[in-house]
Amino acid sequence: QVQLQESGPGLVKPSQTLSLTCTVSGGSITANPYYWNWIRQPPGKGLEWIGYIGYSGISYYSPSLKSRTSISRDTSKNQFTLQLTSVTPEDTAVYFCARVGNWLYDYWGQGTQVTVSS
């Protein structure tokens, strides 16, 4: 059974960098053909896809967030990390990590609340 767990600060100041880590257990982040995603849900809004890092280590980002987003991984810890720079209150959301396998979101983390406020 694959499990994903998000971790990181719950409060970030405007203009700073948001950094979240997803720790994966029960499966390797280098296993083919899986893609490891970050998704967020702002209050009162729908889910927004941020980007992914694939089993090969290649990342791909939402065009609307690409200039501020970086997703990397630590294969020794079986973790992948989201960094979102120059945050504003509009980046306040519940952030999820999730796995895509066979074109389906098959495993999700429980989500973590991040609030951007001074």
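Strand β1 (residues 3–7) and strand β3 (residues 18–25) run antiparallel and are joined by five bridges. Within this pair, S7 stands opposite T21 of β3. The model described here is a predicted one.

Strands of a sheet pair through backbone hydrogen bonds, in either a parallel or an antiparallel manner. In this structure, four strands form an open sheet with antiparallel pairing, and their order is β1-β3-β8-β7. The strands β1 and β7 (69–74) stand at the edges; each has a single partner strand, so one side of each is left without a neighbour in the sheet. On average, neighbouring strands of this sheet are turned by 20 degrees against each other, with direction ignored.

The table lists the pairings together with one pair of facing residues for each.

| Strand pair | Bridges | Facing residues |
|---|---|---|
| β1 and β3 | five bridges | S7 and T21 |
| β3 and β8 | six bridges | T23 and Q79 |
| β7 and β8 | six bridges | S72 and T81 |

Strand β8 comprises residues 79–84 and pairs with β3 in the antiparallel sense. The bridge partner of T23 in β8 is Q79. Strand β8 also pairs with β7, again in the antiparallel sense, and here T81 of β8 stands opposite S72.

**The disulfide**

How many disulfides does the structure hold? It holds one, and this disulfide joins C22 to C97 with an S to S distance of 2.1 Å. The pair links distant parts of the chain, since C22 lies in strand β3 and C97 in strand β9, 75 residues apart. The torsion about the S-S bond of C22 and C97 is about 65 degrees, and the disulfide is therefore right-handed. Are these two cysteines buried or exposed? Both C22 and C97 are buried.

**The nonpolar core**

The largest nonpolar core has 25 residues, of which W38, F80 and Y95 touch the most other members. At least two residues of this core come from each of β3, β4 (35–41), β5 (48–54), β8, β9 (93–101) and β11. Strand β3 gives the most to this core, with four residues.

S118 is located in the segment after β11 (112–116). Its relative accessibility is 82%; the cut-off for exposed is over 50%, so S118 counts as exposed. Along the chain, S118 and A98 are 20 residues apart, and their C-alpha atoms are separated by 29 Å.

Conventions. Residues are numbered from 1 along each chain as its sequence is written. This is a predicted model: local features need pLDDT of at least 70, side-chain atom pairs count only at pLDDT 80 or more; totals for chains, interfaces and linings use all residues. Side-chain values use heavy atoms; hydrogens and water are left out. Two strands pair if DSSP finds at least two bridges between them. Buried means under 20% relative accessible area, exposed over 50%, partly exposed in between (1.4 Å probe, protein chains only). Axes are lines fitted to C-alpha atoms, for helices over the stretch in contact, and angles run from 0 to 180 degrees between N-to-C directions. A nonpolar core is a set of buried Ala, Val, Leu, Ile, Met, Phe, Trp, Tyr and Cys residues joined through side-chain atoms within 4.5 Å. A disulfide is a pair of cysteine sulfur atoms within 2.5 Å.
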